[in-house]
Amino acid sequence: MKVAVLVTCINDSLFPDTGKAVFRLLRRLGVDADFPEAQTCCGQPMVNTGYLDEAVPVVRAFAHAFAGYDHIVTPSGSCAGSARHQHGLVARRAGDPRLAETGPKVHELSEFLVDVLGVTDVNAYFPHRVTYHPTCHSLRMLGVGDKPLKLLRAVRGLDLVELPAAEECCGFGGTFAVKNAGTSTAMGADKARHVRDTGAEVLVAGDNSCLLHLGGLLSRQRSGVRVVHLADVLASTEEDA
Amino acid sequence: MPAFPVAAREALADTQLRRNLAHATGTIRAKRAAVVGEVAEWEELRLAGAAIKDNTLRRLDEHLLTLEAALQARGATVHWARDAREACAVVAGIARDHGVDEVVKVKSMATQEIGLNEVLAEHGVTAWETDLAELIVQLGDDLPSHILVPAIHRNRAEIREIFRREMGAAGRPAPDGLTDDPAELAGAARLHLREKFLRAKMAVSGANFAVAESGTLVVVESEGNGRMCLTLPEVLVSVVGIEKVVPTWSDLDVFLQLLPRSSTGERMNPYTSAWSGVTPGDGPQEMHVVLLDNGRTRALADEVGRQALRCIRCSACLNVCPVYERTGGHAYGSVYPGPIGAILNPLLKGVGVDEQTDSLPYASSLCGACFEACPVRIDIPEVLVHLRSQVVDAHRGGAPKPEAVAMKAASWVLSDARRLGLAERGLGVANRALTRFGRRVLPGGRRALSRLPWPGSLWTDARDLPAPPRESFRSWWRKEKR
């Protein structure tokens, strides 16, 4: 089984620790995964803003970087969703069906762990009160269901509290966050209020882009709530504590 | 109308409006979820609804001709209208021929779409809305904010004020001592409207469905005011979008199950009225049907966008949309607000025509809640992205906007790992410079930036931004793994 990790452009440049956590976790589970260095981005920022011509070379780089792998795992529901559901659109634009061939092999992290590796207990230790936000693309575009929750429930020391209105969008939405900044922050403010209501110390999600937005709001509100990616939680062990 | 982000600003600042909207959509959402949950085969019903609409749209011309022939055989007059101007002219002409100076209306989105009330007013004809919520909107000299609950943005106290202030000028005044008790408000509207129903010679309606095989128009409603409109006046004119046709009564069956549960969260509509042609001595003695295109064939020609014509105007997508819940319907600048409006308006009008229409496909975070709720499975996020690409393509060639320049640059950087690596090294350098200004520290210890110049200010006006790391993942991998 040849496995590659799609670290994603946001993790690569802003949240490198999440990429490191994925490798630490996979190694612990006996998976020797590659980081194809030719990888860049899934193309979603261009596709979702309507710039299909601009997305073509990015998706071409993606298809090139990940050709030849059986599975591609990524700590992002949004990028996995984009690869699976949008690369066809870009391939049609480019008139090159090969651009859509790698998309179906991409799995969001919790899907890969539960569906491909068949594990729900990854031997993690994270002694904190945690609430979980299921990001929209994980939830609706991919349909990961309760896989992330199954994984979190198996983490030792973790106290999981339910987030009110969990399935409502946080308001990030890529360029929506700046094109409609007022609406975006209004949505995020309500989500942040729900997070604070839980009394959790840590907000966990499977997408650092949503956490970038929510963490930015929670910080501005001086809430004291820390945002942590699911991969970082699952990679944590007693030695880290 | 201003573009969406500008129009939304007003609503976002109106805390009362935000509370009204959150309360109303939350209530309908819960009701809908409960009654949809009762139907074990809901997913099959959705698939059936989508398939019937798609099959009908594929041979729309044939079904419309069948409808026309069946309507004519039952004594109705059929008019075809290519656009708003033609449709309004037909209705105004009928009013003129009968010498009426007022008409009663049962809620019709199509007549709002074509601006019929305004055109009738130019011809000296007053149109009275008889749906309770539409009446509130009309008396308040306001615009509808929701497809199903046009006055969703108003609370009881506001409605009482509107009735007391405006009813007298439009007919029977509000009773003395009117309170904001819902039953009293409904009673005042009932008395006010009854006077109009009994006086009007002509009515204008829309239709939820048009059954081709029998030439039957169908209106579903909750109050019975529609039925008064459809049965009391002598002349009845119905303005019907051409996508409303369903081939047979058994097709209609599927939608009469999907619509009420999706829209009002009820198992069945309180009033379902169906009429075919005229019956001497009973009901309207003259029936006209205006079959309206007004951009629908344009939408039909759009391979991805045509699925929007499946819409049965249930407003389930509005009630689950987190953007709609914050901005209300007015921000969409159209009779069709919310997620469906964000795709329907550009499809009907075409993109690249005006800034307001072009802003609508971007009025979404693409969260997908609308697709999940849609009873005819319109993949609204897919159409939104498709329309965004049309907006971008419509503006290619001219002077590039800053956004287009940024996207081109991002595409150049992100299509080559070496370039991305260099850009990330730049971020590492920026880290050293920026963190000097990043006084804030995020929980967990990372530094944050809280005030960036434009366009970064669009982010940092309300959100802190974690300072870029000193080292990208890529760079770490090179050092550690090689």
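In this predicted model, the C-alpha centres of domain 1 and domain 2 of chain B sit 54 Å apart. Domain 1 is built from two stretches, 39-169 and 184-294, while domain 2 runs over 402-479.

Now for chain B as a whole. Its C-alpha atoms fill a box of roughly 90 × 55 × 50 Å along the principal axes. The chain holds 23 helices and 13 strands, and 57% of its 482 residues count as buried. If you look at contacts between residues at least 6 apart in sequence, 73% of them join residues at least 24 apart. The accessible surface comes to about 20800 Å², with 53% of that belonging to carbon and sulfur atoms. As for charge, chain B carries 60 positive and 59 negative side chains, and the centres of these two sets lie 11 Å apart.

Next, helix α23 of chain B, residues 473-481. Its buried residues are B:F473, B:R474, B:W476 and B:W477. They cover an arc of only 160° around the axis, so they end up on the same side of α23(B). And what do the buried residues of α23(B) pack against? Partly against the other chain: their partners are α1 (9-13) and α2 (16-28) of chain A, together with α21 (417-434) of chain B.

| Residue | Relative accessible area | Class |
|---|---|---|
| B:V278 | 25% | partly exposed |
| B:Q356 | 7% | buried |

B:V278 belongs to the loop that links β9 (271-275) and β10 (286-292) of chain B. Setting aside neighbours within four places in sequence, B:V278 is in contact with B:R74 and B:G75, plus B:P284, B:Q285, B:E286 and B:M287. For a sense of distance, take B:L427: B:V278 and B:L427 are 149 residues apart in sequence and 75 Å apart in space, C-alpha to C-alpha.

B:Q356 is found in helix α17 of chain B, which spans residues 355-359. Which residues does B:Q356 touch, not counting those up to four places away in sequence? One set is B:M1, B:P2 and B:A3, and the other is B:A331, B:Y332 and B:G333. With a relative accessible area of 7%, B:Q356 is buried.

Technical notes: Residues numbered from 1 in each chain as written. Chains lettered and ligands numbered in written order. Predicted model: local features only at pLDDT ≥ 70, side-chain atom pairs only at ≥ 80, totals over all residues. Heavy atoms only, no water. Buried < 20%, exposed > 50% of the residue type's maximum accessible area, 1.4 Å probe, protein only. Helix = DSSP H or I, 4+ residues; strand = E, 2+ residues; numbered from the N terminus. Arc of directions from axis to C-beta. Contact = heavy atoms within 4.5 Å. Domains from an automatic or database assignment. Areas by Shrake-Rupley, 256 points an atom, 1.4 Å probe, with all protein chains shown as cover. Lys, Arg positive; Asp, Glu negative; His and termini not counted. Charge placed at Lys NZ, Arg CZ, Asp CG, Glu CD.
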